[in-house]
Amino acid sequence: MVREFQEDGVNFRYDCDWADRYNPLTDQWRTCSPMSVPRNRLGVAVMDGLLYAVGGSAGAEYHNSVECYDPDQDIWSNIKPMHVKRLGVGVAVVNRLLYAIGGFDGKNRLNSVECYHPENDEWTMVSPMKCSRSGAGVASLGQYIYVIGGYDGSCQLKSVERYDTERDVWDYVSSVSIARSALSVTVLDGKLYAMGGYDGSSFLKIVEIYDPVKDQWEQGIDMTFGRSGHASAVSYHLCPIHCDYLDHNITLHGAVLVILLNLTTNFKSKIYDEHKKEKLSYSLSKKKINMPITGEVTICVVVCGDRLDESLTMLKSALVFTNTSLQFIIITENNLIPAFNEKLSEWKLISNKTFDFVIRSITFPEGNDPGIWKKLFKPCAAQRLFLPTVLNNTDAVLYMDTDTLFLAPPEKIWDEFKKMNSSQLAALSPEHEDPNTGWYNRFAKHPYYGKLGVNSGVMLMNLTRMREFRWTNYVVPIHKEYKLKITWGDQDIINIIFHYHPEKLYVYPCRFNYRPDHCMYMSVCAEAEKYGALVLHGSRGMFHSQKQPPFKAVYRSMQEYQLNTDPYDYLFVPMKNYLTLEDKSNCGKVWKAFLIQPELHLSKNL
């Protein structure tokens with residue numbers, strides 16, 4: 001980063017290792033631990049709750065080094081360096097992969113691109129851009145990365161390239177109206193905002209908005225001042241309007257603030273625009289702001305038919321591992337309500353964990369035949385499609401299929417809400433990791449998310465955002481159009497929605513939803529092998545089958561465990577014994593993936 005100050009009438013400018021963090025709720029800056037080296041014109045991105053500082057320079061020294069910041073620990077850690085030194089590099093994150101794009105290596109502007117894989121701490125080269133550029137504006141939207149403008153060594157650019165991360169292909173899209181570099185780009189409501197920059201002679205205050213569906217740019221409201229080399233971010237928290245060093249660009253969609261932090265401007269003194277103040281007050285009165293997800297974990301399950309025991313075993317596993325208060329929402333058939341009431345009331349008496357529960361009857365939308373929805377794939381599973389309206393006073397839930405088990409605290413999954421950006425409605429894991437065994441890419445006759453689709457068995461749902469998105473308005477028309485092509489019921493409908501709105505989905509790794517597909521042919525979930533599965537999903541009836549014995553072993557040990565007994569002696573030890581019985585199945589070869597997390601959280605050494 002660059003610092004500028006004045007002493008005895010002389011301006012000083014220097015590269016530094018400083019890092020500060022801003023809280024828009026309190027309008028306060030706080031100093032963080034310094035980076036390991038000074039960095040000027042670095043790239044910055046957030047992945048898995050960590051802040052990555054990529055490349056940059058210190059004086060005449062250009063960096064290929066990269067470090068990441070843990071805000072909870074206030075610690076910077078170095079990761080593997082890039083293959084190429086990059087100043088003015090663009091960075092973006094898609095599907096938990098970090099991309100470093102273009103830049104300047106001290107001699108040439110670059111068109112090369114490399115991709116960082118956090119699981120194995122490795123950088124790999126991917127397809128280069130069509131044009132060399134540094135100082136470009138970069139942002140990701142869905143599976144795509146957009147690179148806007150920049151400088152090629154002789155002039156500023158107005159061309160825009162789009163990278164398809166799934167096909168590893170670059171294409172040109174519509175250009176911005178003014179050639180510029182050192183601009184900032186951010187995403188809001190599925191559109192790109194390209195703000196400010198330098199056109200070779202002056203600092204710009206122009207804002208252009210790109211609609212990827214139409215492949216068109218339109219003029220937005222100009223910023224108050226010209227800015228270059230600045231940063232931008234989206235916040236759903238109200239930013240105090242007396243922050244006169246910030247530019248608040250209020251969109252027509254409501255109280256969403258684009259905060260522009262000035263580095264280089266064409267003004268000296270602080271001036272506040274009263275016209276913007278009036279716009280802010282008006283916009284805030286027109287739309288409710290999304291409040292943060294609360295600390296209490298809300299787990300929702302839908303139960304019909306013979307799934308009573310299976311769902312109670314799943315809820316028991318949540319109580320075993322949790323370290324916080326839980327709220328259970330059970331939506332079930334009327335004849336199962338007494339059994340749930342009896343068992344959960346008993347648990348409240350004997351368990352040392354804090355939890356509450358709500359039991360509701362199955363409800364499907366008026367004007368539709370409930371029988372159709374009840375029979376869509378598994379009994380009543382389609383109820384999940386209507387949760388935003390059924391649970392209209394609930395902000396967010398962790399939806400769990402009945403055939404799942406927690407192997408770690410539920411709050412570890414719940415904390416993924418913090419990593420979702422301002423537009424994402426839900427979080428899911430991929431349906432497959434290997435295209436050779438994938439269902440959607442080989443057999444689906446309808447659209448689906450990404451390359452391999454997503455599995456809906458463990459789903460974080462921000463119900464507030466889903467209601468604003470009008471989620472349920474999509475469900476019935478999609479079912480009508482694709483009902484003859486749907487195989488996996490509600491999961492297929494979810495895939496179709498996120499196929500058309502990929503920017504609305506956050507994808508977490510396979511260990512958040514570990515299924516037989518990850519080990520029955522060969523082991524394809526390296527994270528689970530290394531760190532342990534967080535949730536076990538016994539799809540294909542594996543909790544009750546001998547085809548892949550580890551799944552049945554874990555389920556059996558959880559089913560037999562009594563909540564008022566020691567979890568290490570009476571859950572972990574039997575689980576380990578069942579798992580270590582002779583087993584020649586493919587999943588049996590990676591049995592440790594089933595034990596790493598339970599041992600970590602149930603060990604008596606804690």
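Biologist: Which charged end sits over the ring of Phe 104?

Modeller: The charged end of Arg 109 does, 4.0 Å from the ring centre. To count, NZ of Lys or CZ of Arg must be within 6 Å of the ring centre and within 35 degrees of the ring normal. There's also Lys 348, which lies over the face of Phe 355 at 4.9 Å from the centre of that ring. Before we go on: this is a predicted model, where local features need pLDDT of at least 70 and side-chain atom pairs count only at pLDDT 80 or more, while totals for chains, interfaces and linings use all residues. Residues are numbered from 1 along each chain as its sequence is written, and side-chain values use heavy atoms, with hydrogens and water left out.

Biologist: How do I read two rings together, and how many aromatic pairs are there?

Modeller: You describe a pair of aromatic rings by the distance of the centres and the angle of the planes. Rings of Phe, Tyr and Trp (its six-membered ring) pair if their centres lie within 6.5 Å; planes under 30 degrees apart are stacked, over 60 edge-to-face, and the rest tilted. The structure has 22 such pairs. Take Tyr 210 and Trp 217: their ring centres are 4.9 Å apart and their planes meet at 40°, so this pair is tilted. Elsewhere, ring pairs join Tyr 52, Tyr 116 and Trp 123 into a cluster.

Biologist: Are Tyr 210 and Trp 217 buried or exposed?

Modeller: Both Tyr 210 and Trp 217 are buried. That word means under 20% relative accessible area, with exposed over 50% and partly exposed in between (1.4 Å probe, protein chains only). Across the protein, 53% of the 606 residues are buried.

Biologist: What does the secondary structure come to?

Modeller: You'll find 14 helices and 36 strands. They're DSSP runs numbered from the N terminus: helices are H or I of at least four residues, strands E of at least two.

Biologist: How do I judge the way two helices pack? At what angle do α9 and α10 pack?

Modeller: Under 35 degrees is roughly parallel, over 145 roughly antiparallel, 65 to 115 roughly perpendicular, and the rest oblique. For α9 and α10 the angle is about 105°, with axes 10 Å apart, so the two are roughly perpendicular. Tyr 474, Val 475, Ile 478, His 479 and Tyr 482 of α9 touch Ile 493, Ile 496, Ile 497 and Tyr 500 of α10. As for cover, nine of the eleven residues in α10 are buried, including Ile 493, Ile 496 and Ile 497.

Biologist: Which helices does α12 meet?

Modeller: One is α13 (residues 567-579): its axis and that of α12 (residues 549-560) come within 9 Å and cross at roughly 155°, which makes the two roughly antiparallel. Among the residues in this contact are Pro 550 and Met 558 of α12 and Leu 571 and Tyr 578 of α13. The other is α2 (residues 308-321), with axes within 9 Å and a crossing of roughly 80°, so α2 is roughly perpendicular to α12. There, residues of α2 including Asp 309, Lys 316 and Phe 321 meet Tyr 555, Met 558 and Gln 559 in α12.

Note on methods: Axes fitted to C-alpha atoms, helices over the stretch in contact; angles between N-to-C directions. Contact = heavy atoms within 4.5 Å.
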